[in-house]
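Hi,

Here's the structure I said I'd pass along. Have a look first, and then read on for what turned up when I went through it.

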2 protein chains.
Amino acid sequence: MTEVNELSNEHSPGARPTLAAVARRAGVSNSTASLAFGTAGPVSDATRERVLTAARELNYAGPDPRARSLRRGRSGIVGVVVEERVRDAFRDPIKLAVMDGLSEAIASLDAGLLLLADTGAASAHIEDASMDAAVLIGCSPRLNESVAAIRRRGIPLVAIEGEPADGVLVFSLDNRSATRVAAEHLRALGHERVAIVSLPLDRGRRHAMLTPELEAAGTSNTALERLAGARDVFPDAIGFVTTGSFVEEGTIAARALLADPETRPTAIIAQSDLLAAGVIRAAEDLGIAVPAELSVVGFDGVRVDGLWPYDLTTLAQPAVEKGRAAGRAIVEMLAGGHPDPLAFTSEFHLGNTTAHPPSIPG
Amino acid sequence: MTEVNELSNEHSPGARPTLAAVARRAGVSNSTASLAFGTAGPVSDATRERVLTAARELNYAGPDPRARSLRRGRSGIVGVVVEERVRDAFRDPIKLAVMDGLSEAIASLDAGLLLLADTGAASAHIEDASMDAAVLIGCSPRLNESVAAIRRRGIPLVAIEGEPADGVLVFSLDNRSATRVAAEHLRALGHERVAIVSLPLDRGRRHAMLTPELEAAGTSNTALERLAGARDVFPDAIGFVTTGSFVEEGTIAARALLADPETRPTAIIAQSDLLAAGVIRAAEDLGIAVPAELSVVGFDGVRVDGLWPYDLTTLAQPAVEKGRAAGRAIVEMLAGGHPDPLAFTSEFHLGNTTAHPPSIPG
DNA sequence: AGCCTGTATCGAATCGATTCGATGTGTTTC
DNA sequence: GAAACACATCGAATCGATTCGATACAGGCT
């Protein structure tokens, strides 16, 4: 019966051959065949050749990654968790830059990047995808049960931004103090009526005027910190919450904030450069001159195509470097090390989109 | 001794608990514990509760994905292979749109997307990543050994564009005939000196003037087909090969093509909208009026931020729909079906970037 | 009472490879 | 010529779960 099974395994066209089948055909043991596929093991060249030939003849595709990863305890996969649909995540140049640095730093692991959308609902994948480590990009490492599940799994877990949490290595940015610098710049220029265009505060993702309730219910560390930085200087600034860092969202926000000529702000603090670009576009449409009638500052320091001739006043953050640091940390943790968290700082860039507020005639 | 091991497994802080440990603690068999984690199985509510409680007490994170995927033969991962560095892939709005449709269509699989860069060199991941299916986006399904390895693995394999190959389900686009339509449009307007700005022809990725040698050595189906479509109408068109679909690359190409005022083309066929945007930008810089002095057509039909006031004449392709079709095909193949390949067509969009060529005085 | 049905649970085989310790063979060294 | 050694190869245990067929038991039926 064993014989029959062996034959059927080797000959039935549907079933993929296994390493055992290859070994049998090459006339070596299971273990030797396995060794032959590695590069290191003590195998004679002749034997290795024989095994590889047998593999070729059987059309064997190499050791099954599933079995290999069970036995080895490593799967060669690093999970990247984003708190939105995958499609939206990749419209954000900052996230792309982070992934860029990340993939560069983990290149030595020879691992693939598994995209996981932590949209709250279908978080099935994220809890039972096999990965060797996970990176949270712009998600809250606390509060979240998927994240808790990953942590329980005991794999290295790093977060780009987001407040510190147990067992999560956080790479943070000076969101609050950097925004404060920008706000102080505006105040020094003489601005008093300032409005804020905010990134989403939670996963709700509707746009709305900023209210204390929304603010209190917020979970997005990045948005809240930048908000706090602005509030440090302009405690009463009004604001508008967008659904994401997109140019169109900035336009929508600016339309709402600039609607009433009486109460119109003289400056807008946008929480991202894309939002700022949208604000400027809206101002153009409304015939409001930037920076003469409206000053605009952004955040991120990404080059926005088509913003010319404007050179946005903004806070340049080292996004690629953040990703790289996270990647390096993962490599170190997988090697058994215990790297330290790191805080990154943004640099104020003075462009030509900020100026003194217009002097208002009596 | 067995006893000792069991104890050490349950108590040593480093080792993660296994399902067996949970079962033992709950006083049920291994198999019952497994059943308790599924939703379907015939388990009494009381037992399930007991198992889940034991799991909680042991801080068990749920069945190990590696073991599960070995046993089940499914890993819940769909590989996405792109022929460039991951960072570059995501700068291309068409690839993003494809991924978008893809992730939408495979949502029912509850699978994650594994990014794999087929850069020729470090193709280690792509050959031994565990995945249930693979999608090639803009890679040649022939010629490539990594792809051959995937095929040998016997998993569903679909390709977005690229010439047909055995065992690969291809979703194609009418690259050639669509480009021909654009070229005919230019000829109808009276253009005779036309230049082409081409996507990369192979993985070499250097920019250079287009030569017959480069063309003959090309492996990128998409670029070659679009080239052929242009050549159907303007057999002698000169061209410039870029390193990718980026605005800057279009600018570089246009600078090269527009350098000599004597031989300057009156129209440029760009193989992507981003390239076309770069061409227009270069023309602006050089003081060449579009469309009065230079007509420009693109390909893709993506909205390029900052191209305003231009409305690019282009070929709009159903990128999201291509991704969706690929995703649906994968779902069907994993269910044992044999879906048919599909050919998509692009739609000519007449914008304001094409016009009659300037009448050349005496 | 005897028989049958259905359900909850269990045992054991299985998925496909890796790896450790053991074995056997061939070569060097004194 | 025997002891020591290096090296290739092999057997068997192992990774951690899933699943199929068997079992036991409770209740319903005639």
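Leu115(A) has Leu113(B) as its bridge partner in S2(B). Keep in mind that this is a predicted model.

Now for the interface as a whole. On the chain B side, 45 residues are in contact with 45 residues of chain A. Together the two chains bury about 3,900 Å², and 56% of that is on carbon and sulfur atoms. Arg66(B), Arg152(B) and Arg153(B) account for 18% of the area that chain B buries against chain A, more than any other three residues do.

What about charged and polar pairs? There are two salt bridges between chain B and chain A. One of them has the side chain of Asp132(B) meeting that of Arg66(A), at 3.6 Å from N to O.

As for which parts of chain B touch chain A, the elements giving two or more residues include helix H5 (65-72), helix H7 (93-105), strand S2 (112-117), helix H9 (145-153) and helix H13 (247-257). H5(B) gives the most, with five residues. Sorted by class, that side of chain B has 20 nonpolar, 10 polar and 15 charged residues.

Cheers

Key:
Residues numbered from 1 in each chain as written. Chains lettered and ligands numbered in written order. Predicted model: local features only at pLDDT ≥ 70, side-chain atom pairs only at ≥ 80, totals over all residues. Heavy atoms only, no water. Contact = heavy atoms within 4.5 Å. Buried area = accessible area lost by both parts, 1.4 Å probe. Salt bridge = Lys/Arg side-chain N within 4 Å of Asp/Glu carboxyl O. Helix = DSSP H or I, 4+ residues; strand = E, 2+ residues; numbered from the N terminus. Nonpolar A, V, L, I, M, F, W, Y, C, P; charged D, E, K, R; others polar. Pairing = 2+ DSSP bridges.
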